Amino acid sequence: MYVCGPTVYNYIHIGNARSAIAFDTIRRYFEYRGYQVDYISNFTDVDDKIIKAAKELGITAPEVADRFIAAFKEDTSALNVKPATANPRVMDHMPDILEFIAALIEKGYAYTADGDVYYRTRKFGKYGELSHQSLDELEVGASQRTGEEAIRKEDPLDFALWKKAKPDEIFWESPWGPGRPGWHIECSVMATKHLGNTIDIHGGGQDLEFPHHENEIAQSEAKTGERFANYWMHNGYVTVGETDEKMSKSLGNFVTVHEMLTKLDPQILRFFMATTQYRRPIRYSDATIKDAESNLQKLKNTVENLQFRLETAGAVADPERSAVIKEYNERFIFEMDDDFNTANGITVVYEFAKWINQYLTETTVSAEVLNQAAQQLHDWLAIFGIYFTQDELLDAEIDALMLERDQARREKNFARSDEIRDLLKEQGIVLEDTPQGTRWRRS
């Protein structure tokens, strides 16, 4: 899998995080099904936005990139996004980029123009197939562009592979003069360098389908003569407001993940993102985040209920219940195999949790079944990037209050028992009295 990564000039917003989470979830599902996944996601560390940020911050472009690559890794780690097999950077692939562009010039797919290099779009017969656009339709928009670049092009549809250096900008030497690569050539080079001429899956945000991915196909297949990617996958936007406006830095309506994680449990944001099918848009609001938090808490309660009941479970097998767990897994796989439909997959998980909680109310339960159920829940939730950790041990004071409450209940001193319950509740400790004894959880 090759997934287009961020341009590292600022903290990522939750629209950027959507892509990282969506494709991490898909990767995890492949691994759940037994595949070994080579997962490559790049960093664009050479770009106009990075150069602008460098000037504003008074540091170099590489320093800007280093700063926000570190921030990206910190934020995505908090969201339980697994590290990629590799995160190639443009600056580390400059010789490969120069070689790639030279090959396109030699094949007649590219030409030089006053220090720039452009790709001859019309020469690639399949251009527009991915985004279902015709060259005639594209020409209408492209022909309206003006400026020096438009004058240098043979055709308005042509796009830059190499850009002539401007004064006071970072540059590299090339056979065509000092400059830097165009955006589109970077991913063609890094994808084929790390995964070969043909890759299984290429992913990225919906906004990258055209022109970025269209241009990647044109460049790569022109050079190699082979199919570039077998499957293209594009995640939907994150929208905000009543009008479902796309969240983006250019519109100024974004919330950075770095900021959100100071106010919100990262698991809630991860769960919110991962449980919508990757192609569908996600509406971000306080209400949708609250729903995700509530559903996640219910699943955590189920896991805790399982662990608590295991202490009194019987050492007997229950083949009928074990078979039910297997049937739930078959249903989960059926839903997820349908274009990674995480929304339907998590519905199966919710139904399974309900079945578990009903089973836990029975007088006698099987430890074997509970262990199977706990493992199944763990494996499914790991696909969504969710791991529940054991709550920290109660401190001595709270532990003593619980013991005192148990004694008060035995002595039928219900007033004191209720008083202790309320006191613990004020400290965020919720008590649950069950036939197997009193258990607690943090609210």
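## The antiparallel sheet

Let's start with an open sheet of 4 strands, arranged E3-E4-E5-E6 with antiparallel pairing. At its edges sit strand E3 (110–113) and strand E6 (179–181), each of which pairs on one side only. Neighbouring strands here are turned by 20° against each other on average, direction ignored. A quick word on terms: two strands pair if DSSP finds at least two bridges between them. Helices (H or I, at least four residues) and strands (E, at least two) are DSSP runs, numbered from the N terminus. Axes are lines fitted to C-alpha atoms, for helices over the stretch in contact, and angles run from 0 to 180 degrees between N-to-C directions.

Inside this sheet, strand E4 (residues 116–119) and strand E5 (residues 159–164) run antiparallel and are joined by 3 bridges. Tyr-118 has Ala-160 in E5 as its bridge partner.

## What kind of model this is

This is a predicted model, where local features need pLDDT of at least 70 and side-chain atom pairs count only at pLDDT 80 or more, while totals for chains, interfaces and linings use all residues. Residues are numbered from 1 along each chain as its sequence is written, and side-chain values use heavy atoms, with hydrogens and water left out.

## The parallel sheet and its helices

There's another open sheet of 4 strands, in the order E2-E1-E7-E8, and its pairing is parallel. Strand E2 (40–41) and strand E8 (229–235) stand at the edges with a single partner strand each, so one side of each has no neighbour in the sheet. Strand E1 (residues 2–3) runs parallel to E2 and is joined to E2 by 2 bridges; Val-3 stands opposite Ser-41 in E2.

Helix H1 (residues 14–32) lies across E1, strand E7 (199–205) and E8, at about 130° to E8. H8 also packs on the sheet, where H8 touches E7 and E8 and makes about 155° with the direction of E7. Contact, here and below, means heavy atoms within 4.5 Å.

## The annotated binding site

An unreviewed UniProt entry carries a "binding site" annotation on Cys-4, Cys-187, His-212 and Glu-216. They span 213 residues in sequence, yet no two of their C-alpha atoms are more than 11.1 Å apart, so they gather at one spot. UniProt positions are given in the numbering used here, feature names are shortened, and such annotations may be inferred rather than shown by experiment.

Cys-187 is in helix H7 (residues 183–195) and counts as buried at 1% relative accessibility. Buried means under 20% relative accessible area, exposed over 50%, and partly exposed in between (1.4 Å probe, protein chains only). Leaving aside neighbours within four places in sequence, Cys-187 is in contact with Tyr-2, Cys-4, Asn-42, His-212 and Glu-216.

His-212 is in helix H8 (residues 209–224) and counts as buried too, at 1% relative accessibility. With neighbours within four places left out, His-212 is in contact with Cys-4, Trp-183, His-184 and Cys-187. The side chains of His-212 and His-184 are joined by a polar contact of 3.0 Å (a pair of N or O atoms within 3.5 Å; within protein, one must be able to donate a hydrogen and the other to accept it, and residues adjacent in sequence count only if both atoms are side-chain atoms).

The protein is divided into domain 1 (2–261), domain 2 (285–392) and domain 3 (395–442), with bounds from an automatic or database domain assignment. Between domain 2 and domain 3, the C-alpha centres lie 27 Å apart, and the contact takes 9 residues from domain 2 and 9 residues from domain 3.

His-378 lies in helix H14 (residues 367–383) and counts as partly exposed at 42% relative accessibility.
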